[in-house]
Amino acid sequence: MKICLVSSKSPNHMKSLTISFAFLLVTLSSSYSQSASGTWAVKFSDAIISRYTPTINAMTSKGWEYSNTIILHGMEKVYNQLPAASYTAYLNYIKAYADAYVNTDGTFKAGVTLVSLDRIHPGISLLFLYEKTGLSQYATAATTLRNVLVGPTASYNPYRTPLKKIFWHKQSGYDNIMMLDGIYMAHPFLAKYGRMFNDAAAIDTAVNQALFAYNQLFVAGPKLIKHAWKEPGSSGTVSWADGAGNSTSVWSRAMGWYTMALVDILKYVPPAHPKRPQLLAALSNLCAGIKTYQDAATGLWYQVVDKTSATLAGNYLETSGSSMFVYSLKVACDSGWISSATYMPVAVAGWNGVKSKINNYTDGMPRINDFAPAMSVQNTEALYVQASLQSVDCPVSAGTQHPHGYAGVLMAASVMEFPLSALPVHFISFTAKDLTNKVRLIWESGTEEQLDHYEIQRSTNGSDFKTIGSVPATAASKYSWDDNNRENRLAYYRIKAISLDGSANYSSILPVSGKQSGQSLLISPNPVIDGNLTMVINAIPAGKYNLKLLSSTGELVQTKILTIQDQGSTVFSLPLSAVTGKGVYYLQLDGNGILINKSVLIK
């Protein structure tokens with residue numbers, strides 16, 4: 001990393017430069033935390049850490065297995081939306097779990113067995129920890145998990161179906177059986193590993209296994225996907241398979257696992273990958289089916305997706321699969337893979353339905369209700385809703401604490417409740433010009449299909465905002481509004497975009513004052529067209545900062561530790577990874593009580 005210093009501009013010049021550039025945001029972590037504390041994402045994360053100590057395994061007693069890390073992965077996604085300095089407890093909680101099973105040299109501790117895809121899933125937490133800490137032990141352990149599945153000497157090779165070479169879900173008791181659950185447990189990990197370590201074989205494995213599941217189990221008419229497959233003619237006996245080896249039913253959580261796997265794999269598959277269009281087509285088809293079978297009254301989906309309580313006795317509206325559908329739809333909309341105009345109302349209605357299933361437990365912290373307990377493939381639709389598989393809640397006073405409700409609500413909350421004001425998604429630009437007697441606000445929105453109007457908001461402290469004006473959304477995309485009543489003191493501005501369904505998104509926050517610090521992160525040129533992201537960092541105190549490049553869904557793409565030598569102007573160049581695709585990204589500078597986010601278009 002090379003940093004060169006250039007001569008500082010005068011304070012007045014830098015004030016003008018800072019206010020006139022788009023996307024300026026300087027906010028204290030404490031203000032951001034006050035906003036985040038009201039989200040279900042943070043409330044559930046805090047409750048989980050409080051309830052289950054010293055690690056999440058106190059809840060499940062499952063050890064190195066998916067039951068623990070589906071919760072931790074949701075917490076990871078919440079952590080990625082927040083200023084790191086204020087939420088170190090989340091990182092430490094995830095780290096404590098991994099450290100209970102991974103030695104400092106990256107080997108696994110005694111007792112860890114890698115005999116099912118369920119035991120590959122914790123690898124996603126290892127990749128997260130390697131990103132955040134840089135400790136090689138996590139990369140080493142992740143490589144061990146990769147080698148279980150990929151390569152001619154992979155230990156899982158004997159546990160593939162004889163003809164199609166599809167991974168068994170487990171090495172014992174699941175002979176020649178593939179489940180949609182297993183696609184999620186293993187293949188987002190492999191895809192992310194491949195992206196991080198330039199491992200094309202890992203990515204190809206994830207893509208091929210995921211596409212086989214779709215091509216085998218997709219039902220074209222309703223555009224849904226069945227739960228499991230057993231290769232015909234192979235060893236082992238099951239009573240649920242038809243002549244093609246397919247199971248009979250569309251289980252909500254199995255389909256939720258699969259759609260989440262699709263969107264998470266797509267994040268890491270290079271744009272030029274020859275099979276990427278097939279993944280996108282599969283996602284598009286399944287999202288259409290999800291939309292069709294959403295319950296209009298509640299926004300949720302049934303346990304057996306293509307049936308209702310009227311057509312299948314005992315069928316119930318199921319929270320974990322519904323949460324997974326919400327996550328998948330929102331990520332796909334934000335990534336531009338499906339139409340926001342068509343599917344965002346579905347995601348919003350689904351999220352409202354999920355929130356209706358939250359209440360307070362006896363400890364005063366949140367509980368998630370009405371989700372399916374753990375289950376395997378059932379012989380018939382009726383057995384998916386038999387008495388022993390009716391919905392459960394978490395936490396409960398006694399008995400099994402099922403993890404799936406926590407996992408689903410955290411995943412959905414991580415995308416539906418964020419970004420807060422600190423990380424704009426739907427705004428292309430927002431500027432504030434400090435004129436002689438007024439402040440002129442100019443903003444541009446990327447999409448307005450579902451937008452009703454904009455509210456202009458002002459604050460004196462950066463956290464308590466009042467609406468001072470309103471502008472109807474006219475599909476003009478670009479807007480201007482003057483604050484003619486500004487007071488001669490520091491003021492903060494933001495734009496609130498109100499959708500037709502009442503949901504809201506916020507622009508970045510712009511401070512305007514003759515006394516402002518002039519802190520800024522400026523990207524030039526923007527769009528980036530040559531593979532080098534060049535930025536000017538101005539008036540930031542000396543010290544070390546985390547520099548992150550995030551996707552439009554908040555997923556970490558690249559990260560560097562940036563050392564600023566003095567409080568002048570610093571020019572820094574970040575070479576982009578060869579697999580970074582075209583689109584909108586966000587550059588984040590985080591540290592020493594400062595959080596700055598900038599939008600950047602990569603062409």
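Predicted model: local features only at pLDDT ≥ 70, side-chain atom pairs only at ≥ 80, totals over all residues.
**A friendly note on helix packing, cavities and backbone details**

1. P395 sits in the loop that runs between β10 (392–394) and α16.

2. To locate P54, look in the loop between α3 (40–51) and α4.

3. One more backbone detail concerns K223. This residue is not a glycine, yet its phi is positive, near 60°. You will find K223 in the loop between β3 (218–219) and β4 (224–225).

4. Now to the helices. Two packed helices are described by the angle between their axes and by the distance between those axes. For helix α13 (residues 319–334) and helix α14 (residues 340–355), the axes come within 9 Å and cross at roughly 150°. Angles over 145 degrees count as roughly antiparallel, and α13 and α14 are therefore roughly antiparallel to each other. Their crossing is left-handed.

5. Which residues of α13 and α14 meet? From α13 come T319, S322, S323, V326, L329, K330 and C333. From α14 come S340, Y343, M344, V346, A347, G350, W351 and V354. By class, the residues of this contact of α13 with α14 are nine nonpolar, five polar and one charged.

6. Helix α14 also packs with α16, at an angle of about 130° and with the axes 11 Å apart. The two helices are therefore oblique to each other, and α14 passes α16 in a left-handed crossing. On the α14 side the contact is made by A347, V348, W351 and V354, and on the α16 side by V409, A412, A413 and M416. The residues of this contact of α14 with α16 divide into eight nonpolar, no polar and no charged.

7. Another pair to view is helix α6 (residues 88–99) with helix α7 (residues 123–133). These pack at an angle of about 125°, and their axes are 10 Å apart. That angle makes α6 oblique to α7. The crossing of α6 past α7 is left-handed. L91, I94, K95 and A98 of α6 make the contact with S125, L126, F128, L129 and K132 of α7. Sorted by class, the contact of α6 with α7 has six nonpolar residues, one polar residue and two charged residues.

8. How many cavities of 30 Å³ or more are there? The count comes to eight. The second largest cavity has a volume of about 80 Å³. Its lining is made by K77, N80, Q81, K267, Y327, V331, S414, V415, T553, G554 and E555.

9. The lining of that second largest cavity also leads back to helices discussed above. Both α13 and α16 (404–416) supply at least two residues each. The lining residues of the second largest cavity divide into three nonpolar, five polar and three charged.

10. Finally, have a look at the second largest pocket, which has a volume of about 440 Å³. It is lined by 29 residues, and those closest to its centre are E65, Y66, S67, D118 and A374. Which elements give two or more residues to this lining? They are α4 (57–60), α5 (66–79), α9 (180–197) and α11 (252–266). The lining of the second largest pocket has 11 nonpolar, 11 polar and seven charged residues.

Note on methods
Residues numbered from 1 in each chain as written. Heavy atoms only, no water. Axes fitted to C-alpha atoms, helices over the stretch in contact; angles between N-to-C directions. Helix = DSSP H or I, 4+ residues; strand = E, 2+ residues; numbered from the N terminus. Parallel < 35°, antiparallel > 145°, perpendicular 65-115°, else oblique. Left-handed = near helix turned anticlockwise from the far one by under 90°. Contact = heavy atoms within 4.5 Å. Nonpolar A, V, L, I, M, F, W, Y, C, P; charged D, E, K, R; others polar. 1 Å grid on protein atoms, 1.4 Å probe; cavity = no way out; pocket = protein on both sides within 12 Å on 5 of 7 lines; lining within 4 Å. Points joined across faces, edges and corners; volume = space filled by probe spheres on them.
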